[in-house]
Amino acid sequence: MKERLRSIIKTAVEELYPGAVTEEIRFSVEYTDNPQFGDIAANIAMQLAKSLRKNPKVIAEEIAAKISDPYIKKAEAAGTGFVNIFLSDTPFHEWLSSLLNAGESRAPLRPVLGAGKKALVEFVSANPTGPLHIGHGRGAVVGDNIANILEAAGYKVKREYYVNDAGNQMTNLAASIFSRYSALFDRQLQFPQDGYHGEYIAEIAKDIKREYDDSLFSMTEASALEICRKEGIKTILNCIDGTLKLFKVKVDDYFSETSLYEGGNIDRTLKKMETAGCVYEQDGALWFASSRFGDTEDRVLKKSDGSYTYLAPDIAYHDGKFDRGYDLLVDVWGSDHHGYIKRLECALEVLGHNGKKFDVVLVQMVGLVNGGERMVMSTRKGQFITLDWLINETGSDAARFFYNMRSPDSQFEFDVELAKQESTDNPVYYVQYAHARISGLMEKAEIKGIPTDYPNLSLLTEEKERSVIKKLMEMKDVIAACAQYNEPHRLSYYLTELAGEFHSYYYSFAIADENAKELSGARLALCKGVASALKFGLNLLGVTAPDSM
RNA sequence: GCGCCCAUAGCCCAACUGGACAGAGCGCUUGACUACGGAUCAAGAGGUUGGGGGUUCAAAUCCUCCUGGGCGCGCCA
């Protein structure tokens, strides 16, 4: 509908003012939120005012007088120069009909953005050194939702978890486990200074004891640690995977950092950067001249002892993502990693990927308040609230909706004591209730013998009915905005609004009235459309749409 | 010191990326079930968008300075 009006307006303007619509004129055509401004408003007159040297209000009046269409009831100039368009009921009925006919595909609710393009969403990527805590939950939900939304917008999406299974953290993990293992045999081994103190470490040690008994002591320390490392990563990743499944977070692949070492990917990528002439040696180390590309300083890629820094495999990983044919990369990171964006962007530019899209979504940290006292979560010290706990406490639906309520870059504090309470006034129930209510209506309709299959939608003439349909028409734009700006929280807000429109409608009219079967059939069809949109939206957020609650 | 992010109603947050009178929820005040689910609805109070300056027909949004928070500035990952 918007597209249609846009071209009508454009044509009118071109006839009125030949040559006025240049590339720079990017006018908006938007649904209004206030009926007094009509159904759709355009700001083109104000955009043209400068180049035409004319009062925008006058331009708007001329445009309004010029445009005509069977769907348009009237067009008028308003405010400082808006063109407000009032539509007849017909386009609303036709649109609703198209939604109902689309069935499960729900094509009228989906924007067409991806058109088969390939997108890779990398998220969570927590180090495999402990269970996921409530901080990770946010990234998991945001990433999963972005992936779902991109899919709905037509992208082919893959979801990856990057596993940092190389480097010092892993050495630390192995040493921590080995120390606990030794303690099981009454052998005191000094606990590593930066070791991991969580309960789960001792559990892993017990597992190793069960499988290997005391045989780790009869091998070299290196092999013993290697077993601890492997077992540790395996167990922890298993645990993480279990949590994510419980949270309905889909992960297609766990991408191992170690595989980049073993596959020679890092050397290959560094060679490319060398060829591009942007690396140099100094003090025995290999540096990336990132400052030449806008970074604040140069970065070390290979340390003087010959090992790689964290950055090198990360560059190789992202280089590889583009080589695998993805058009769009979305990384969901904790905001404390924001300093890495620039250097990674610089590297990707050097590697010739500057034309492609690489977005980093920074998810702000989740603070923790316990009884008014601030807590700092630390996996290493074993201080954290696990995501498992939260899910069990509030349920997956409430937790997911709650995490998605705020824009990713806003920081919020999680009050442990309020977690359960938070779930009872979580808006997710408001939205789910609307869906359940419609299911109830449908049952009622069947009992009362109200036919809903071939509704006469032209009977929907109430102002409220119009505004419900209008709300439904907006969903496409909302999903598009979510996908475009990586802001899935918009969908949560939208669904709350849509549910509100329905609840209000429900109270204003008898919907399943056996004494007015034809009208009721039309109203029930409208409700069916609402339910379809609610379910679609909730599922995009990983939340169920129950038929009863 | 340098860099990134944030500041909106009593609280927690939105605001279609520059558009019309800044909007929801919670909390507060008042009302609504012998119609289809009250986990709901209807109404009210509540704002100098942290502060100053600037750009624009139009600023919560862009630029600049100030104040106050968060985070990052390793040959750690």
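**Close-up 1. Around RNA strand B.** Of the 72 residues that sit around RNA strand B in this predicted model, Ala41, Gly167, Asp283, Ser407 and Gly440 come nearest.

**Close-up 2. The domains of chain A.** Chain A splits into domain 1 (2-88), domain 2 (168-246) and domain 3 (427-540). If you want a distance to go with the picture, the C-alpha centres of domain 2 and domain 3 are 54 Å apart.

**Close-up 3. α17 against α18.** Here the two helix axes come within 10 Å and cross at roughly 170°. Since angles over 145 degrees count that way, α17 is therefore roughly antiparallel to α18. On the α17 side, the contact is made by Lys464, Ser467, Val468, Lys471, Met475, Val478, Ile479, Ala481 and Cys482. Facing them from α18 are Arg490, Leu491, Tyr494, Glu497, Leu498, Glu501, Phe502, Tyr505 and Ser508. By class, the residues of this α17 and α18 contact come out as 11 nonpolar, two polar and five charged.

**Close-up 4. α17 again, now with α19.** The partner this time is helix α19 (residues 517-540), and its axis and that of α17 come within 11 Å, crossing at roughly 30°. An angle under 35 degrees counts as roughly parallel, so α17 is roughly parallel to α19. The crossing of this pair is left-handed. From α17, Glu465, Val468, Ile469, Leu472 and Met475 take part, while α19 brings in Leu526, Gly529, Val530 and Ala533. That contact of α17 with α19 divides into seven nonpolar residues, one polar and one charged. Look out for Val468 and Met475 of α17: both are in the contact with α18 and in the contact with α19.

Close-up 5. Helix α13 (residues 387-394) packs against helix α14 (residues 396-403) at an angle of about 115°, and their axes are 6 Å apart. With 65 to 115 degrees counted as roughly perpendicular, α13 is therefore roughly perpendicular to α14. Leu390, Ile391 and Thr394 of α13 meet Ser396, Ala398 and Ala399 of α14. The tally for this contact of α13 with α14 is four nonpolar residues, two polar and no charged.

Technical notes: Residues are numbered from 1 along each chain as its sequence is written. Chains are lettered from A and ligands numbered from 1 in the order in which they are written. This is a predicted model: local features need pLDDT of at least 70, side-chain atom pairs count only at pLDDT 80 or more; totals for chains, interfaces and linings use all residues. Domain bounds come from an automatic or database domain assignment. A residue is near a molecule or strand if its C-beta atom, placed from the backbone, lies within 6 Å of it. Axes are lines fitted to C-alpha atoms, for helices over the stretch in contact, and angles run from 0 to 180 degrees between N-to-C directions. Helices (H or I, at least four residues) and strands (E, at least two) are DSSP runs, numbered from the N terminus. Two residues are in contact if their C-beta atoms, placed from the backbone, lie within 7 Å. Ala, Val, Leu, Ile, Met, Phe, Trp, Tyr, Cys and Pro count as nonpolar, Asp, Glu, Lys and Arg as charged, and the others, Gly among them, as polar. A crossing is left-handed if the near helix is turned anticlockwise from the far one by less than a right angle, and right-handed if clockwise.
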